[in-house]
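Please look over the sequence and the 3D structure shown here. The paragraphs that follow go through them step by step.

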Amino acid sequence: MGGVPAVRSVWAILQWWGFNVTVIITNKWIFQKLHFTFPLTVSCIHFICSAMGAYIAIKLLRVKPLIEVDRRDRWRRIIPMSCVFCFNIVLGNVSLRYIPVSFMQTIKSFTPATTVILQWLVWGKYFDWRVWASLIPIVGGIVLTSVTELSFNTYGFCAALVGCLATSTKTILAESLLHGYKFDSINTVYYMAPPATLLMSVLAILVEGHGVMNWFQTHESVLSSLIIILSSGVFAFFLNFSIFYVIHSTTAVTFNVAGNLKVAVAILVSWLIFRNPVSPMNAIGCTITLLGCTLYGFVKQNLSSRPGTPRTPRTPMNRSEMLPLINDKQDKV
């Protein structure tokens, strides 16, 4: 029976990788090949599909029990988190609109550094010197990748970088705003996606409504393109479901390593499909960043498991708190 958990862990990781890569590649295909260059609208479709999927999973299929939230807490806690949640996802799609998947994924790997820096500057949290040391290859790799990126775009770079700050803010706020509620990824989407859908619908109509109407009037093969666009939303929900499955099938160390390998797989697959130019130094910078993220994960895991080590309450200390809301690192799109 010892091989059964191992097989389940491998299967969980593979389907997590599969949905993550599919969401990222599909979104990039929508922007680049279908010329549907409307990241707000794509994000809105993701929110709608995820909200519907979470409702079906909890209310109809009863995959997970619904975590009850007080009505007052919905306004005081859920709505603010939904706004940050929405902002985070949109920035990921905006960056994907302008820069290659490889560059976007590498920049998003800067999130551990922004999380630590924000907690240190704003909340005055203590971090062991080993945590700071593990950030050096992450920062160095990001700098090298940015300087040598052949398809550099300022808008995409800034969106990805601000997205890292949004992801860090989301992680930090979740610890305080959602204190007392142990949300899994499905319940998180159940509560966060509907308010985010309302907000994003208004923004998408105001900012991109005219452009979307023009696309419908001028684009060829509208029906097949719509199927691809809607499928990206379905895949986005199943990405959340796969995250829920993988954290219950792997250890924290395996989750850390698999998460960084997932980024490498996404970069490789995107390059095979889109063939964006990558210089040798750019590839080296990306590799250094991913190795740095893996080192950071190991350091955090080792420090958190040692008794008497000063903890940083708003730093994610377990796999559930490290989860993205819908598709972080586009978790991610």
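Is Ile99 buried or exposed? Ile99 is buried, because its relative accessible area is 1%; buried stands for under 20% relative accessible area, exposed for over 50%, and partly exposed for what lies in between, with a 1.4 Å probe and protein chains only. The model is a predicted one, in which local features need pLDDT of at least 70 and side-chain atom pairs count only at pLDDT 80 or more, while totals for chains, interfaces and linings use all residues. Residues are numbered from 1 along each chain as its sequence is written, and side-chain values use heavy atoms, with hydrogens and water left out.

Ile99 sits in the loop between helix H3 (71-98) and helix H4 (101-108). Leaving aside residues up to four places away in sequence, Ile99 touches Lys28, Met104, Ser151, Asn153, Gly156, Phe157 and Ala160, where contact means heavy atoms within 4.5 Å. Phe152 is 53 residues from Ile99 in sequence, yet their C-alpha atoms are 6.7 Å apart in space.

Now the whole chain. The protein has 333 residues, of which 52% count as buried. Its secondary structure consists of 11 helices and 0 strands; helices (H or I, at least four residues) and strands (E, at least two) are DSSP runs, numbered from the N terminus. The UniProt record, an unreviewed entry, lists residues 12-30, 36-58, 78-96, 129-148, 189-207, 227-247, 254-274 and 280-299 under "transmembrane region". UniProt positions are given in the numbering used here, feature names are shortened, and annotations may be inferred rather than shown by experiment. Among these spans, residues 12-30 are 100% helix and 0% strand, with end C-alpha atoms 27 Å apart. Residues 189-207 are also 100% helix and 0% strand, and their end C-alpha atoms lie 25 Å apart.

Next come pairs of helices. Two packed helices are described by the angle between their axes and the distance between the axes. Axes are lines fitted to C-alpha atoms, for helices over the stretch in contact, and angles run from 0 to 180 degrees between N-to-C directions.

Helix H5 (residues 111-122) packs with helix H6 (residues 129-148) at an angle of about 135°, the axes being 9 Å apart. H5 is therefore oblique to H6; angles under 35 degrees count as roughly parallel, over 145 as roughly antiparallel, 65 to 115 as roughly perpendicular and the rest as oblique. On the H5 side the contact is made by Pro112, Ala113, Val116, Ile117 and Trp120, and on the H6 side by Val131, Trp132, Leu135, Ile138 and Val139. These residues divide into 10 nonpolar, no polar and no charged; Ala, Val, Leu, Ile, Met, Phe, Trp, Tyr, Cys and Pro count as nonpolar, Asp, Glu, Lys and Arg as charged, and the others, Gly among them, as polar.

H9 takes part in two of the contacts described here, with H8 and with H2. The axes of helix H8 (residues 185-218) and helix H9 (residues 222-247) come within 14 Å and cross at roughly 160°, so H8 and H9 are roughly antiparallel to each other. Residues of H8 in this contact include Trp215 and Phe216, and those of H9 include Val222 and Phe244. By class, the contact of H8 with H9 has 9 nonpolar, 3 polar and no charged residues.

Helix H2 (residues 39-60) packs with H9 at about 45°, with axes 8 Å apart, which means that H2 is oblique to H9. Among the H2 residues that meet H9 are His46, Gly53 and Ala57. The contact of H2 with H9 has 9 nonpolar, 5 polar and no charged residues.
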